[in-house]
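Please read them alongside the sequence and the structure.

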Amino acid sequence: MNKFISLTKIQVFDFFSKYTQHLNLNNRWLKKLAILIPVLLIIPAFNLALSIYKVFSSIGIPELTITYMYIGNVMMIFFACIPLIISNFFYSKDLMFIASLPLKEESIIFSKLASVYLYLLAIACLFFGTAVIAYGIIGGIQPLPLIIGIIALIMSPLIPMLLATLVIIPFMSIIAGGKRRNLMAIGGNILLLMLILLIQITLTRVEIDPEGFTNLMLQEDGLLKLIGRGFPPSIWLTKMIQGSFLYGGLFILLHIILLYALKLMSHFLYNRALMSFNQSDGGVISNNNIYYKSRSRGFQLIKRHILIIFSNPVFTLNTVLTMLVPILMFIIMSFTGQLNNEIFRSEAIAPYLIYLYAGIVTTPAIIGNLSATVITREGKTFWETRVLPITTAENIRYRVYSTLIISFIGSIILALAAAAYLPISLDMMGIGLLFCITATLLFSTIDIAINIERPILNWTSPTTAVKNNLNVMISLVVRLVIGGAFYILYGLMPNYSGHTILLIYSLISIVLFIAVYYVITRWYIDKFDSIIY
């Protein structure tokens, strides 16, 4: 037990040290401030929980806040934990060292899950935790429900995390020795995410016959059962917080069963998945003849930077999921009944449709920030492009081109999906795409400047290269500042149409892009050359 606790401490400390290390800050106070920045998300999260609480409280059933937020929390943790588990188990590069220690397989499995659990618990605190606080404090402090709610909060990441682990690791054991294992890992995990969505959608759209619906609503907890029917543990959790020992026992028993199932499978998972995946490089020697084909330098460099993303499942999942966030949100909200076509056909929404469309198609550039990590993603292989017979300007330019290609592909997919869903005209579509192109050029160019200023090449976990570093935060802050400036400008032009305002935004974006590009080519060439690798 002491060995397990010690290894768990090492894994947790290693996780947080990597987070602070890859912020690339020397001042310890700035490190603490950067760690606290994500805590600011608690403000919008609490406002969401409060609004939901007020709705359910107005009909005399405030406990449904717990049910509703817990279901959303489970879905969010499912999406968050899949790339985390893959990164922590299969790409952390510490397994060979840990395997030499006198530890049981289950101790290694659970110690690695501990750091993932803490990350997911932080997410749960922001969203489900605010619901527990709203239910336990607003309307009078209720000590017992508040205490039980905190216990439930601590347990809330376990079900999605354990289910994801029991699915992902056996799947990785199947593909561990294959020559296309990275590609199969990417495809398999994207299919898993789609399956989760499909199951949730199917459960929420199950038709109830009128008589059954009437009987259900006549029951004391009819509305609770209706909301939680797609995920029964949400009903058990709500009842547990209300003080039910029976449902509390069922909720705790489910966790024990899942933990024990993982314990029983730990030997198989360790030897057939973790060890096999880490020992095999997945490559094969081809007996075909060697041939040479002339390619342009630009093509080869762009191909290299794109393959860096799509050869690593963590990079790929982060890129794909980030870019397709609007589609996922539309699917979830549409099938849960929160969104329908009639909303977008109303006269009140019509003036804002062009802004909505432009925002959707520009999402890959707004939250993708691929250029902010284009140097970082190379890691210790950064030196390879530095010894090639190319100029520094070309080296920087082709990096930006590779991220632009990916962003534009994502934007085209979103543009077609949004055009099929929203009642927009061709001119609205054209202006929205024009704004998307100019904004993407601007943000990608700013992001490469951020990465040149703050290159991080000595990362050991792929997650830290694309998520847990200050470059991503700075990139998002820049977007927030520009978005705030555009909003102020919007308020100063009350009589202008949406078409005109977006054209003005596009003009501003292209002027800023030219200015930033000039600064990079004038002053950032030497900074790029001075990067130590």
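1. The charged end of arginine 397 sits over the ring of tyrosine 398, 5.6 Å from the ring centre. A charge is taken to sit over a ring if NZ of Lys or CZ of Arg is within 6 Å of the ring centre and within 35 degrees of the ring normal. Arginine 522 likewise lies over the face of tryptophan 523, at 5.6 Å from the ring centre.

2. On the basis of the notes: this is a predicted model, in which local features need pLDDT of at least 70 and side-chain atom pairs count only at pLDDT 80 or more, while totals for chains, interfaces and linings use all residues. Residues are numbered from 1 along each chain as its sequence is written, and side-chain values use heavy atoms, with hydrogens and water left out.

3. The structure holds ten aromatic pairs. Rings of Phe, Tyr and Trp (its six-membered ring) pair if their centres lie within 6.5 Å; planes under 30 degrees apart count as stacked, over 60 as edge-to-face and the rest as tilted. Tyrosine 398 and tyrosine 401 form an edge-to-face pair, because their planes are at 70°, with the ring centres 5.8 Å apart. These two tyrosines are three residues apart in helix 21 (residues 392–421), so about one helical turn separates them. Helices are DSSP runs (H or I, at least four residues), numbered from the N terminus.

4. Is tyrosine 398 buried or exposed? Tyrosine 398 counts as buried, because its relative accessibility is 14%; tyrosine 401 is partly exposed, at 35%. Buried means under 20% relative accessible area, exposed over 50%, and partly exposed in between (1.4 Å probe, protein chains only).

5. Phenylalanine 513 and tyrosine 517 make a tilted pair, with planes at 40° and ring centres 6.0 Å apart. They are four residues apart in helix 25 (residues 498–529), so about one helical turn lies between them. Phenylalanine 513 counts as buried at 18% relative accessibility, whereas tyrosine 517 is partly exposed at 38%.

6. Ring pairs also link Tyr70, Phe128 and Phe251 into a cluster.

7. Helix 7 (residues 143–155) has 13 residues and reaches 19 Å from its first C-alpha to its last, close to the expected 18 Å. The expected span is 1.5 Å times one less than the number of residues. Buried residues in helix 7 include Pro145, Leu146, Ile148 and Gly149.

8. Isoleucine 252 is placed in helix 13 (residues 245–279). Isoleucine 252 counts as partly exposed, because its relative accessibility is 38%.
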